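The sequence and structure are shown first.

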Amino acid sequence: MKKRKSYFDSNLALLIIMLMIFSSVSLYSAQKYAQLNIDYFQQQIVWFVISGMIVLVIFYFDFESIMKLTPYIYTFGILLLLFVLLGPDSIAPVRKGAKSWIEIPKLGSIQPSEFMKIFLILMLSYILTKHIDKFPVGDIRFDIRLLCKMGLLAALPIGLTLLQNDFGTSLVMAVITMGIILVSGINWKMIASVVTVVVGFICSLVITYLYDPNLLLGLLDGYQLDRINSWLDPFGHGQGIGYQLKQSILAIGSGMTEGKGFNQSDVYIPEAHTDFIFTIVAEEFGFIGASLLISLYFFIIYKIVATALNSSFFESFICVGVISFLTFHIFQNIGMVIGLIPITGIPLPLMSYGGSSVMATMMGLGLVLNVSLKKKDYMFSNE
C-alpha cells in the first residue's frame with residue numbers, strides 16, 4: 001500500500017527569513033548615506049513581501065509543468081534582454097554606463113538580466129535532463145553534442161548582457177553554466193580541456209597586464225582598466241575611482257571584533273545600501289556580525305546541497321544552478337568590498353537593496369523550496 005507524504009524544508013525557510021531580517025536591519029542603517037530621498041528599509045520589506053508571493057506561485061506548479069514551461073520562460077527572458085537593448089531611452093535608460101533596466105510607469109524599474117539568471121538555470125537543467133533521458137552518459141559523441149547545446153544556450157543571454165555593458169551579470173551566467181556542466185556527467189577530460197583553456201586565457205590576461213596594461217585596451221575600455229588599477233592600489237587612487245573601495249576597507253577595519261553598534265557607522269560609503277551592504281554589517285557588528293552573516297549563507301547552501309542529493313535529475317540540476325548562483329554572488333560581493341576581487345557591481349543575495357535582485361534570488365530559492373515540498377512515495381506503511 002502506498003503512502004504519500006509532503007515535505008517542506010522549514011529550516012531553509014527559517015534561514016531565508018533570518019537573512020531578510022539581517023538585510024532590513026542593515027539597510028535601516030545604510031540608508032543614511034543614500035543620495036536619494038527614498039526609504040530603502042521600507043521599500044526592501046515591500047520587495048520581500050512581493051517575493052514571498054512569487055514563491056507561493058512557484059509552489060502551485062509541479063516540476064513536470066515547470067519542465068514544459070521552461071523553453072517558453074527562457075524565450076521570454078531572451079526577448080526581454082533584446083527589448084532592453086533595442087528599446088528607446090525613455091523606457092530602457094542608460095544607468096551608470098549600462099543599459100540594463102526597463103522603466104515601468106508608477107511601478108519603478110526592473111532589470112531583466114537578474115531574472116535571466118534563473119531562466120538560464122531552468123533551461124540548462126531542462127536540456128541536460130532531456131539529453132540524459134535520450135542518450136547514454138559518457139559517450140564522447142553525445143557529450144560533445146550536449147556541451148555545444150549548453151554552450152549556445154548560455155552564450156545567447158551572456159552575449160546580450162555583455163552588449164548591455166553589464167559584465168558582472170554575464171560573469172554570473174558563465175559561472176552558473178560551468179557549475180551545471182561540472183555535474184552533468186560529461187567526460188571529465190572534456191571538462192578539463194575547457195577549464196584549461198579558460199585558465200590559460202585568464203593567465204595570459206594577467207601576464208599581459210603585468211607587462212603592459214595598455215595592451216589590454218582593445219579588450220577593456222579605459223574605465224575598466226582604471227577599475228583594475230584602483231583595485232590593486234585603492235589608497236593610491238583614494239581621491240578618485242578608488243574612493244569607494246578605500247572607504248569600504250577603512251569602515252570594515254574600524255568595526256574590529258564587536259563593531260560600533262547598530263546605526264553607529266560613521267565612515268561614509270557611496271552606494272552602501274546596494275553593493276556595499278556587507279561593509280555596513282562589518283562596521284556596525286564587527287567580525288562577529290560578519291561571520292554570522294557568512295554562516296547564514298553557508299547553512300543555506302548546505303541545505304540546498306542536501307535537497308539536491310535527494311531529488312530527480314531536473315530538480316537536482318536546478319539546485320546546482322542556484323548553488324552556483326548564490327556562491328558566486330556571495331564570494332564576489334564580499335571579496336570586492338574587502339579588496340580581494342575587482343569591483344563588478346554584483347549584489348549580495350537578499351542583503352543588497354534592489355527589487356529585481358531580491359525577486360530573482362527568491363525565485364531561485366522558491367524553486368529549491370518547491371523541490372523539498374514535492375511528494376515522496378513509500379511502498380510500505382503500517383498506517
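## Position of Ser372

In which helix is the place of Ser372? In this predicted model, Ser372 belongs to helix H12, which spans residues 355–373. Ser372 has a relative accessible area of 12% and is therefore classed as buried, the cut-off being under 20%.

The side chain of Ser372 reaches the backbone oxygen of Leu369 at 2.7 Å. Ser372 and Ile304 are separated by 68 residues in sequence, while their C-alpha atoms are 9.3 Å apart in space.

## Ile304 and the largest nonpolar core

The largest nonpolar core comprises 99 residues, and those touching the most other members are Leu293, Ile304, Leu348, Met351 and Leu365. Helix H11 (residues 313–337) gives the most to this core, contributing 14 residues.

With residues up to four places away in sequence left out, Ile304 touches Cys319, Val322, Ile323, Leu326, Leu365 and Val368. In soluble globular proteins, nonpolar side chains tend to be buried together.

## The second largest pocket

The second largest pocket has a volume of about 290 Å³. Two or more residues of its lining come from each of helix H2 (40–60), helix H3 (63–86), helix H4 (112–134) and H12. H2 gives the most to this lining, with four residues.

The lining of the second largest pocket consists of 13 residues, of which Val57, Ile58, Phe61, Ile73 and Met363 lie nearest the centre. By residue class, the lining has 13 nonpolar, no polar and no charged residues.

Conventions
Residues numbered from 1 in each chain as written. Predicted model: local features only at pLDDT ≥ 70, side-chain atom pairs only at ≥ 80, totals over all residues. Heavy atoms only, no water. Buried < 20%, exposed > 50% of the residue type's maximum accessible area, 1.4 Å probe, protein only. Polar contact = N/O pair within 3.5 Å; in protein donor to acceptor, adjacent residues only side chain to side chain. Core = buried A, V, L, I, M, F, W, Y, C linked by side-chain atoms within 4.5 Å. Contact = heavy atoms within 4.5 Å. 1 Å grid on protein atoms, 1.4 Å probe; cavity = no way out; pocket = protein on both sides within 12 Å on 5 of 7 lines; lining within 4 Å. Points joined across faces, edges and corners; volume = space filled by probe spheres on them. Nonpolar A, V, L, I, M, F, W, Y, C, P; charged D, E, K, R; others polar.
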